[in-house]
Amino acid sequence: MRGQMVTRTKPNHDFAARTARFASTSDVNWSTKSEGTLSKLQQLTRFGLVGFAAFLVDASVLSALVWVGLPVALARVPSVMLSIFTTWTLNRKYTFRTSTKANLSEFLKYTGAIGVGISVNYGVFLLALGLSQTVRDMPVIGLVISTLAAMSLNYLSARFLLNR
């Protein structure tokens, strides 16, 4: 591969650590791929698709639980939990291709690593719910707003705190 840098490194199978470091990689050659791994652009694409799948899980569970009569704020708790489990599971398998067996300890580390985003997501959701009759009538609108707020915070944190 003339003119391209290919880096071969020992695989790192600590999913929680890789998730925390993913956005902080500043010297990435987006076009190259190490043997047996995905390029950063492929990972980013898959990461986005997994995030979209998790949003669909969150919205579906929220809608179903509200439909059966659960209060919206309470229905959001299991919907968020299932969306977190979705991102962890799918990112392990498809985005980062983690080969170690999944375990509770790793899931808890992952949840801790994304805790601020989760808190902002839920907090903005509750705020939108409290301020808007439209959101109370259609909670998925609040979900969209809170997801965008959390994504923005995560991006800004990665951009200005991790990649200075």
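**Helix packing around helix 3**

In this predicted model, the axes of helix 3 (residues 72-95) and helix 4 (residues 104-113) approach to within 11 Å and cross at roughly 115°. Axes here are lines fitted to C-alpha atoms, for helices over the stretch in contact, and angles run from 0 to 180 degrees between N-to-C directions. Helices (H or I, at least four residues) are DSSP runs, numbered from the N terminus. The crossing of helix 3 and helix 4 is right-handed, that is, the near helix is turned clockwise from the far one by less than a right angle.

Contact (heavy atoms within 4.5 Å) between the two involves I84, F85, T87, W88, N91 and R92 of helix 3, and E106, F107, Y110 and T111 of helix 4. By class, this contact of helix 3 with helix 4 holds five nonpolar, three polar and two charged residues; Ala, Val, Leu, Ile, Met, Phe, Trp, Tyr, Cys and Pro count as nonpolar, Asp, Glu, Lys and Arg as charged, and the others, Gly among them, as polar.

I84 of helix 3 deserves a look of its own. I84 is buried, with a relative accessible area of 10%, where buried means under 20%, exposed over 50% and partly exposed in between (1.4 Å probe, protein chains only). Leaving aside neighbours within four places in sequence, I84 is in contact with F107, Y110, T111, I114 and I118. The C-alpha atom of I84 is also separated by 8.9 Å from that of D58, 26 residues away along the chain.

D58 is one of the buried residues of helix 2, a list that also includes Q43, V50 and F55. The axes of helix 2 (residues 40-67) and helix 3 come within 8 Å and cross at roughly 155°, and the two helices are therefore roughly antiparallel. This crossing, too, is right-handed, and the residues of the contact of helix 2 with helix 3 divide into 16 nonpolar, seven polar and three charged. Just after helix 2, G69 adopts a positive phi of about 110°.

Residues are numbered from 1 along each chain as its sequence is written, and side-chain values use heavy atoms, with hydrogens and water left out. Local features need pLDDT of at least 70 and side-chain atom pairs count only at pLDDT 80 or more, whereas totals for chains, interfaces and linings use all residues.

Conventions: Angles under 35 degrees count as roughly parallel, over 145 as roughly antiparallel, 65 to 115 as roughly perpendicular and the rest as oblique.
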